[in-house]
Amino acid sequence: MRENRDGILYASTYGKVSAVHLDPIEKKPLFHFHPGREVLSIGSVGCNFRCLFCQNYPLVLGQAPLSTAGIPELVRAAREAGAVGIAYTYNEPMIWFEFVADCARAFREAGMVNVLVTNGYVNPEPLSGLLPLVDAMNIDLKAMSGEFYRRLCGGSLEPVIETIRTCARSTHVEITNLLVTGENDSDEAIRQVVDFVAGTDREIPLHFSRYFPQNRFTAPPTPTDRIDAAYRIGREKLPFVYVGNYHLAGAEDTRCPSCGATAVRRVGYRTSVVNLSGIRCASCTAKLRFVI
Ligand SMILES: [Zn+2]
């Protein structure tokens, strides 16, 4: 993604996209940020991790064809589609940082939101430059294990923890934990993730996602009893726990922690805001963690 031409370093994927889609915001996944709205979603290629189980590896390894996208065209496309803004997703947004930052400034000026879907593996300095432009993030937390990050992702845990803590203080954050069969799907591994979220901010929505064999991983999909367990363990300490890539009845809905009323109902990517008044529960008026 960086190219040295005669001593000058070029960002070779600047303005190069592998995918542009209009997606439900729930697909990022963001469940507590403009529920039911659509977001223009773009990605390029490249990543600063090399996860052996990467669920998006043609984009990450740079095998996807690229086309050119201009920032004014993206702003216009989002506006014409009635999207809430733009999501930098599919591949790691930090890997084409310069373009993401320029595009984010344009979307902010146009009154639309910027969403990052990231692995959180970034130094504090560039993060602090981008963060004021970011309205919401979904950050991957793969496991609370440095060994897992080293062996399976080619990275390390500490910077990710730092990113989550920093971002949770300044923008809307949701966390995704991909449960990889036999690697991080034990009760103990799940509990470590839940405890970290609870200790950071217990109202952060936590998404457990089902793994499917991809890239260099051939283990079968996450056993469904492990996803059931993750949901149960998460709900012991956290009010907003969800499951993805797998249907568990009711496990995509948001219930009011105060009165138990269902505030938002979700089936697949069909979202119905059934019991919210602004960001308050319409039954008991408790303030809920939503950005609308
Ligand atoms: Zn309520």
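A residue is called buried here if 20 or more other C-beta atoms lie within 10 Å of its own. His34 has 21 C-beta neighbours inside 10 Å and therefore counts as buried. The model is predicted. Its secondary structure comes to eight helices and 17 strands.

**Overall form**

- The radius of gyration is 19 Å, close to the 19 Å that the globule rule gives for 292 residues, so the protein is as compact as a globular protein of that length.
- Taken along the principal axes, the C-alpha atoms fill a box of roughly 65 × 40 × 30 Å.
- Buried residues make up 44% of the 292.
- Of the contacts between residues at least 6 apart in sequence, 68% join residues at least 24 apart.

**The sheet**

- An open sheet of eight strands has the order β4-β5-β7-β8-β9-β10-β11-β12, with mixed pairing.
- The edges are taken by β4 (19–24) and β12 (241–244); each has a single partner strand, so one side of each is left without a neighbour in the sheet.
- On average, neighbouring strands of this sheet are turned by 20° against each other, direction ignored.
- Three bridges pair β5 (residues 38–43) with β7 (residues 85–88) in the parallel sense, and Ile42 stands opposite Tyr88 of β7.
- Helix α3 (residues 97–109) packs on the sheet and touches β7 and β8 (113–118). The direction of α3 makes about 165° with that of β7.
- Helix α8 (residues 224–237) also packs on the sheet, where it touches β10 (172–179), β11 (206–210) and β12. The direction of α8 makes about 170° with that of β11.

- Six of the six residues of β8 are buried, so the strand is largely enclosed by the rest of the structure.
- Val113, Val115 and Val117 point one way from β8, while Asn114, Leu116 and Thr118 point the other way.
- β7 and β8 run parallel and are joined by four bridges; Tyr88 has Leu116 of β8 as its bridge partner.
- From β7 the chain crosses through α3 to β8, a right-handed β-α-β crossover.
- On β9 (residues 136–140), β8 pairs in the parallel sense over four bridges, with Leu116 opposite Met137.
- A right-handed β-α-β unit is made by β8, helix α4 (residues 124–130) and β9.

**Nonpolar cores**

- The largest nonpolar core has 74 residues, and those with the most contacts inside it are Val39, Ile86, Val115, Met137 and Ile175.
- Leaving aside residues up to four places away in sequence, Ile86 touches residues including Val39, Leu40, Ile42, Phe107, Met112 and Val115.
- A second, separate core has six residues, among them Ala263, Val264, Cys281 and Leu288.

**Backbone details**

- Most residues other than glycine have a negative phi, and most peptide bonds are trans.
- Lys28 and Pro29 are joined by a cis peptide bond with omega of about -5°; Pro29 is found in the loop between β4 and β5.
- His34 is placed in the loop between β4 and β5, and its phi is near 45°, a positive value in a residue other than glycine.
- Tyr90 lies in the loop between β7 and α3 and has a positive phi of about 70°, although it is not a glycine.
- Tyr90 counts as buried because it has 23 C-beta neighbours inside 10 Å.

Conventions: Residues are numbered from 1 along each chain as its sequence is written. This is a predicted model: local features need pLDDT of at least 70, side-chain atom pairs count only at pLDDT 80 or more; totals for chains, interfaces and linings use all residues. A nonpolar core is a set of buried Ala, Val, Leu, Ile, Met, Phe, Trp, Tyr and Cys residues joined through C-beta atoms within 7 Å. A residue is buried if 20 or more other C-beta atoms lie within 10 Å of its own, exposed if 12 or fewer, and partly exposed in between; C-beta atoms are placed from the backbone. Two residues are in contact if their C-beta atoms, placed from the backbone, lie within 7 Å. Two strands pair if DSSP finds at least two bridges between them. Helices (H or I, at least four residues) and strands (E, at least two) are DSSP runs, numbered from the N terminus. Axes are lines fitted to C-alpha atoms, for helices over the stretch in contact, and angles run from 0 to 180 degrees between N-to-C directions. A crossover is right-handed if, with the strands pointing away from the viewer, the path from the first strand over the helix to the second runs clockwise. The radius of gyration is taken over C-alpha atoms; the globule rule is 2.2 Å times the number of residues to the power 0.38.
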